[in-house]
Amino acid sequence: LLRVIGMNIGRDAFIASGVLFDVEFPTLITIGPGAIVGTMTKILTHEVTIRSIRVGRIDIGKQAVIGVSCVLRSGVKIGDGSVVSMQSIVNKDVESGVFAGGKPAAEIKKLDGLV
């Protein structure tokens, strides 16, 4: 169903129940092959404030893992093989092959052999 509304979802990607997708711009969401998106995560392709509107792609790389209850802001890329810890707020790109987490998310350590 998500593919029908325009999301690009790779083969063997797993999306847990309760994930909230920004349905205003579904074509801006890409989930790579073998990626995992944890339950209750919010993937937001746009933000509106009194003074501005921000619209941007969300790219989740191949075999990346997004933990439970994360928030991904518009315009971020999660690199291949990266892991984002639960309840993180991702407001900037996460490089490939790293473990990141926090509010806002930051690199915690490099991961060996996943990319």
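The largest nonpolar core has 23 residues, and Ile43, Ile60, Leu72, Ile78 and Val90 are the ones with the most contacts inside it. A nonpolar core here means a set of buried Ala, Val, Leu, Ile, Met, Phe, Trp, Tyr and Cys residues joined through side-chain atoms within 4.5 Å. At least two residues of this core come from each of strand E4 (29-31), strand E9 (58-60) and strand E15 (98-102). Those labels follow DSSP runs numbered from the N terminus: helices are H or I with at least four residues, strands are E with at least two.

Before going on, a word on the source: this is a predicted model, where local features need pLDDT of at least 70 and side-chain atom pairs count only at pLDDT 80 or more, while totals for chains, interfaces and linings use all residues. Residues are numbered from 1 along each chain as its sequence is written, and side-chain values use heavy atoms, with hydrogens and water left out.

Leaving aside neighbours within four places in sequence, isoleucine 43 is in contact (heavy atoms within 4.5 Å) with Val19, Leu20, Phe21, Asp22, Ile29, Val37, Ile58, Ile60 and Leu72.

Now for your salt bridges. The rule asks for a side-chain nitrogen of Lys or Arg within 4 Å of a carboxyl oxygen of Asp or Glu, and the count comes to five. Glu47, Arg54 and Arg73 are linked in a network of them. On one side, glutamate 47 meets arginine 54 at 3.8 Å, N to O. On the other, glutamate 47 meets arginine 73 at 2.8 Å, N to O. Glutamate 47 sits in strand E7 (residues 46-48) and arginine 73 in the loop between E11 and E12, so this pair ties together parts that are 26 residues apart in sequence.

How covered are these side chains? Glutamate 47 is partly exposed at 22%, arginine 73 is partly exposed at 25%, and arginine 54 is partly exposed at 31%.

Serine 74 is found in the loop between strand E11 (71-72) and strand E12 (77-78), and it is buried, with a relative accessible area of 0%. Not counting residues up to four places away in sequence, serine 74 touches Leu44, Thr45, His46, Glu47, Arg54, Val55, Gly56, Arg57 and Ile58.

Arginine 57 is partly exposed at 37%, and aspartate 59 is partly exposed at 22%.

What else stands out? There's an open sheet of six strands in the order E2-E5-E10-E13-E15-E16, with mixed pairing. Strand E2 (14-15) and strand E16 (105-110) stand at the edges with a single partner strand each, so one side of each has no neighbour in the sheet. Two strands pair if DSSP finds at least two bridges between them. Strand E13 (residues 83-84) and E15 run parallel and are joined by two bridges, with valine 84 standing opposite alanine 100 in E15.

Most residues other than glycine have a negative phi, and most peptide bonds are trans. Lysine 103 and proline 104, though, are joined by a cis peptide bond, with omega about 5°; proline 104 lies in the loop between E15 and E16. Aspartate 12 has a positive phi, near 65°, and is found in the loop between strand E1 (8-9) and E2, where it counts as exposed at 64% relative accessibility. Serine 69 also has a positive phi, near 60°. Serine 69 is in the loop between strand E10 (65-66) and E11 and counts as partly exposed at 23%.

How values were computed
Buried means under 20% relative accessible area, exposed over 50%, partly exposed in between (1.4 Å probe, protein chains only).
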